[in-house]
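Thanks for coming. I have one model to go through today, and I will keep it brief.

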Amino acid sequence: MMYGWGPGWYGGFGGGWLMLLFWIVLIALIVWGVVSLTRHGRYGHMHMHTGGCCSTDGNALDIARERYARGEISKDQFETLKKDLG
């Protein structure tokens, strides 16, 4: 029983450097996970399209259809929008 001899727990296989690398990788994975979860909305779609918040990728009627399909607006609101937009 020679407790004071040898490389010890942290002295072998890279010592503290391996532990430091482990923690850096772990923290980087946590940060990446939080960022990817907050940047994506429901079902993995981006909140903001490539055009930003005011993207003009679709026309107003298409947007109204999408909002109705997601349940963001009621049927009466959708019908009103559809009549107003033509």
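Before anything else, a definition: helices are DSSP runs of H or I with at least four residues, strands are DSSP runs of E with at least two, and both are numbered from the N terminus. This is a predicted model, where local features need pLDDT of at least 70 and side-chain atom pairs count only at pLDDT 80 or more, while totals for chains, interfaces and linings use all residues. Residues are numbered from 1 along each chain as its sequence is written, and side-chain values use heavy atoms, with hydrogens and water left out.

On that definition, the chain has four helices and zero strands, and its pattern along the sequence reads α-α-α-α. Burial comes next, with buried meaning under 20% relative accessible area, exposed over 50%, and partly exposed in between, using a 1.4 Å probe and protein chains only. Of the chain's 86 residues, 8% count as buried.

Which helix does helix 3 pack against? The axes of helix 3, residues 60-70, and helix 4, residues 75-85, come within 10 Å and cross at roughly 175°. Axes here are lines fitted to C-alpha atoms, for helices over the stretch in contact, and angles run from 0 to 180 degrees between N-to-C directions. Angles under 35 degrees count as roughly parallel, over 145 as roughly antiparallel, 65 to 115 as roughly perpendicular, and the rest as oblique. Helix 3 and helix 4 are therefore roughly antiparallel to each other.

Taking contact as heavy atoms within 4.5 Å, helix 3 contributes Ala-60, Leu-61, Ala-64, Arg-65 and Tyr-68, which meet Lys-75, Phe-78, Leu-81, Lys-82 and Leu-85 of helix 4. Those residues divide into seven nonpolar, no polar and three charged. For that count, Ala, Val, Leu, Ile, Met, Phe, Trp, Tyr, Cys and Pro are nonpolar, Asp, Glu, Lys and Arg are charged, and the others, Gly among them, are polar.

Leu-81 in helix 4 is partly exposed, at 31% relative accessible area. Leaving out residues up to four places away in sequence, Leu-81 touches Ala-64 and Ile-73. Leu-81 and Ala-60 are 21 residues apart in sequence, and their C-alpha atoms are 8.9 Å apart.

Next, charge pairs. How many salt bridges does a search of the whole structure find? It finds four, a salt bridge being a side-chain nitrogen of Lys or Arg within 4 Å of a carboxyl oxygen of Asp or Glu.

One of them joins Asp-62 and Arg-65, at 3.1 Å from N to O. Both residues lie in helix 3, three residues apart, about one turn of the helix. An α-helix has 3.6 residues a turn, so residues three or four places apart point the same way. Asp-62 is partly exposed at 32%, and Arg-65 is partly exposed at 42%.

Glu-72 pairs with Arg-67 at 3.2 Å, N to O, and with Arg-70 at 2.9 Å between the closest N and O atoms.
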